[in-house]
Amino acid sequence: MPSTDSIAPLRPRIDARIALLTTLVFAVSVALIPLGQWRALGVAALALAAAGGYLGVAPEVWMRRWLGLSLLVGMLGLLVGLGHPARAELGWAGVAAAIAAKNAVMVGAVVLLSTAYGIDALLDALRRLGLPAPLVSTLAFMERYLHVLADERDRMLLARRARSVRSGGWRGWLDRGRLLGALFVRALERGERIEAAMVARGWDGQDLPPPSAPGRRRS
Amino acid sequence: MTNERPEANPAVRVSGLVFHYADGRPALRGVEMAIESGESVALIGPNGAGKSTLLWHLNGLLPGRRGLGLGHGHGPNAVGVGSTSADGPCVWIDGLPVTPKNYREIRRRVGLLFQDPDDQLFSPTVLEDVAFGPRNQGLPAAEAERMARDCLERVDLADAADRVPHHLSFGERKRACLAGVLACGPSVLALDEPTANLDPRARRRFIELIGGLSATRLIATHDLEMVLDLCPRSIVLDRGLVVADGPSMELLADARLMESHGLEVPYRLRECDVGPGRS
């Protein structure tokens, strides 16, 4: 069974809390760069690349994860570009490209952070930064089930491939859409069953116990 | 049906239990059964017979849950557990009616093992997941952790305490789920397809584990060979009704009964001929 992308975190020397806050500041700064200021955006991208080099993240791993989100970023650019006030000045394509580029840099920063530190360290950093425990628990919960859903997706893809002679063209995209829909329904049903299993062990719908201390988890 | 406790207090008592799915299809159509303390009983029947739905009622998860087509679906004559109907409750655990007022205690008494371990193991580590029940019972973190470690020891998973559930094998995940249920200290175990999808070695190990437990057990399963090993008594459920209840050796050897309810005589009993089917 194909498994999800699980690359061991690098555990850099910089405290995860500092890295997290730096990423936040960086993302906000990039968001504040006016559209069309390509030079400023280029500087931000260079700074990000330097940070990636310093943290020792393999570019191919970073890029692979980043590319996984690039479609979403592109769609966002196209959609927001339609009604953006700067369209008159930059044109739709210009606005869409600028929005996509800004978002790509921000997403790149977040991907870099998660690749370098891993979910454990980041959850712990969030907790130590004072994020409410239920929110941290919910994020830990989400991470746990991303793997389950990814496995489910892989099984469905495999089953689809096993029954497909051709998967290209518009029919292929239609099939992918149906698969996503089915995955969504399955995720909802899974959520119902998980909640039932929690209630069965006495959960009253209130706070979840906080996740474990850092470094405790192992594969 | 009245709100009074039944005279005798079996570990599990179900009387006149009716339940409809949200789309109106009947799931349980007046289930009657009683299980004495310490008994190990198999609940067998074809797919869609209502086995899992019945187990969910023992824990008070039904009725009243939305989604999965399982919620708020009582028909005109339905009496649901914990419903506000004048007819009152129809499931009791050790004499305690399964009503919303008693859910906390009921869920401490009844341990429900789900068929798919990924539905049950939601915490970042195995230890946290097993400690989830005790924490919900109000135990301090250290005490809950001690209990969790004890239960992991019982299912031979002490080394996996700090592991991520996703990285356990299916058999290990099943055992981790059982540890999570045991950590709640239940007197009744409701096990939903405990050996489904397990390889022969993991299945054998799981059967040994279940066999070593002293709690009252109700096991919904299609694994009839396991039934012969673990359950002296079987209840056959089909289309929401109890159609047979008796010694497993007799029921399971009754080819007519088995075939008429979508089951098969287990391989071990193929040579036996017990006689006419019962219903």
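**A guided reading of chains A and B**

In chain B, 62% of the contacts with a separation of 6 or more are between residues 24 or more positions apart; two residues are in contact if their C-beta atoms, placed from the backbone, lie within 7 Å. The model is predicted, so local features need pLDDT of at least 70 and side-chain atom pairs count only at pLDDT 80 or more, while totals for chains, interfaces and linings use all residues. Residues are numbered from 1 along each chain as its sequence is written, and chains are lettered from A and ligands numbered from 1 in the order in which they are written.

Chain B has 10 helices and 10 strands. These elements are DSSP runs numbered from the N terminus, helices being H or I of at least four residues and strands E of at least two. Of its 279 residues, 50% count as buried. A residue is buried if 20 or more other C-beta atoms lie within 10 Å of its own, exposed if 12 or fewer, and partly exposed in between, with C-beta atoms placed from the backbone.

Because five of its five residues are buried, β3(B) is largely enclosed by the rest of the structure. In a regular strand the side chains alternate between the two faces of the sheet. Here B:S40, B:A42 and B:I44 point one way, and B:V41 and B:L43 the other.

Two strands pair if DSSP finds at least two bridges between them. Four bridges join β3(B) to the parallel strand β8 of chain B (residues 216-220), with B:S40 opposite B:R217. Four bridges also join β3(B) to β9 of chain B (residues 233-238), again running parallel, and there B:A42 stands opposite B:S234.

B:L43 also belongs to the largest nonpolar core, of 87 residues, in which B:L43, B:V130, B:L152 and B:A179 touch the most other members. Such a core is a set of buried Ala, Val, Leu, Ile, Met, Phe, Trp, Tyr and Cys residues joined through C-beta atoms within 7 Å. Helix α6 of chain B (residues 170-182) gives the most to this core, with six residues. Leaving aside neighbours within four places in sequence, B:V130 is in contact with residues including B:L152 and B:A179.

Finally, the two chains meet: 25 residues of chain A are in contact with 30 residues of chain B. On the side of chain A that touches chain B, the largest share, 10 residues, comes from α6(A).
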